[in-house]
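Here's a walk through a protein model, in questions and answers. Take a look at it first, then read on.

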Amino acid sequence: LEKKFKSLTEGLRSSKLPCAPGLNLMRPKENDELIDNQKQYDYRSGVGMLLYLTKHTRPDIANAVREHSKMMDGATELHYKSLLRLIKYALDTKEYTLKMKPKMNGNHLMNIEGYCDSDYAGDKDSRRSITGLVIYLCGAPICWRSKSQRGVTLSTTESEYYAMSELCSELLFIKQILEFLNMSIEYPMVVRVDNIGAMFLANNSVLSQRAKHISLRHHFIREYVEEGVVKIIFVKSKLNS
C-alpha cells in the first residue's frame, strides 16, 4: 500500500479519523463524470489492499472501506479523493496494532461476548441499514464486520434486531468451532446492544402490532436466550462505537 500510494497521498492533510463523520458515499448518477481508466485501476487496487488490512488487523477502517467498495465499477473524482484520504490515514497509522492477549478467568472457561450496532437506512442508494459488529474471545477481538443488511428495514428497532441476529449467528458458529476443539465455554454468551426495542423483541415471544412484519428467521435469538446460551445486555451508545 505504501509503495504504490505514498506518492499519491503526499501533501494531503493528516486526519485522526479514516473518513469524515457520517460518511455516506453514493454511487455515480447517469450524468456524473467518472475518473479515467488508470485512476479507476488505482481505485480498485487501493480498495483491495485496504480490504486485506480490514480482514486481518484493522477493524477501525472496516466501515470506510465498505463505503468505498461500492464504486469498484465506476468512481468519480470525489470518490477517488476520499479513498486517498482513507489510504493516507492507513499509512499514517501503520503502527496501530490489535492487542491479542486473552484474559483467562479462574475456571478456565472461554468467555465470548459481542457488540453490535446498526445505522438505520445508512445506504443512501438502497436505503438499507448497515450492520456493524465485533466479537471478543477472552477479551481479544477475533471477528469484526461492517456490511449492508440484506433487506430494507422499517424502523431503527428492526435494523438493530437484524444486526443482533447477525451477531448471534457468528457467536453460534464460533461456539461450534470451540466445541469441536473440546474447549469449555462460559455461558451465557453476552450480546451487547444499545437499543431497548431490539432487546425487548429478543426477550419476549409475544409480538406487538408494529413488529409482526419482522421475518421469523431473526427470531431464533429467543430460543437461545430462553436456553441460557445467549444473554442480551444494554450498553450505552457512546460505549458501543
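Four of the five residues of strand 4 (residues 189–193) are buried, so strand 4 is largely enclosed by the rest of the structure. Buried means under 20% relative accessible area, exposed over 50%, and partly exposed in between (1.4 Å probe, protein chains only). Helices (H or I, at least four residues) and strands (E, at least two) are DSSP runs, numbered from the N terminus. This is a predicted model, where local features need pLDDT of at least 70, side-chain atom pairs count only at pLDDT 80 or more, and totals for chains, interfaces and linings use all residues. Residues are numbered from 1 along each chain as its sequence is written, and side-chain values use heavy atoms, leaving out hydrogens and water.

Q: Which residue in strand 4 is the bridge partner of Tyr 115?
A: Strand 1 (residues 112–119) pairs with strand 4 in the parallel sense, over three bridges. In strand 4, the partner of Tyr 115 is Arg 192.

Q: Which residue in strand 5 is the bridge partner of Val 191?
A: Strand 4 also pairs with strand 5 (residues 230–234), in the parallel sense and over five bridges. Met 189 has Val 230 as its bridge partner in strand 5. For Val 191, the partner in strand 5 is Ile 232.

Q: Which residues of helix 4 are buried?
A: Helix 4 (residues 77–92) has 16 residues and reaches 22 Å from its first C-alpha to its last, close to the 22 Å expected at 1.5 Å a residue; the expected span is 1.5 Å times one less than the number of residues. Its cover includes helix 1 (2–9), helix 2 (37–56) and helix 3 (62–68). The buried residues are His 79, Tyr 80, Ser 82, Leu 83, Leu 84, Leu 86, Ile 87, Lys 88, Tyr 89, Ala 90 and Leu 91.

Q: Which residues does Tyr 80 touch, not counting those up to four places away in sequence?
A: Tyr 80 sits in helix 4 and is buried, with a relative accessible area of 7%. Contact here means heavy atoms within 4.5 Å. Leaving out residues up to four places away in sequence, Tyr 80 touches Leu 8, Ile 35, Lys 39, Asp 42 and Tyr 43.

Q: What is omega for the peptide bond that joins Tyr 187 and Pro 188?
A: Most peptide bonds are trans. Pro 188 is in the loop between helix 5 and strand 4. The bond joining Tyr 187 and Pro 188 is cis, with omega about -5 degrees.

Q: Is Ala 121 buried or exposed?
A: Ala 121 belongs to the loop between strand 1 and strand 2. Its phi is near 55 degrees, a positive value in a residue other than glycine. At 8% relative accessibility, Ala 121 counts as buried.

Q: Is Asn 182 buried or exposed?
A: Asn 182 lies in the loop between helix 5 and strand 4. Its phi is positive, near 60 degrees, in a residue other than glycine. At 71% relative accessibility, Asn 182 counts as exposed.

Note on methods. Two strands pair if DSSP finds at least two bridges between them.
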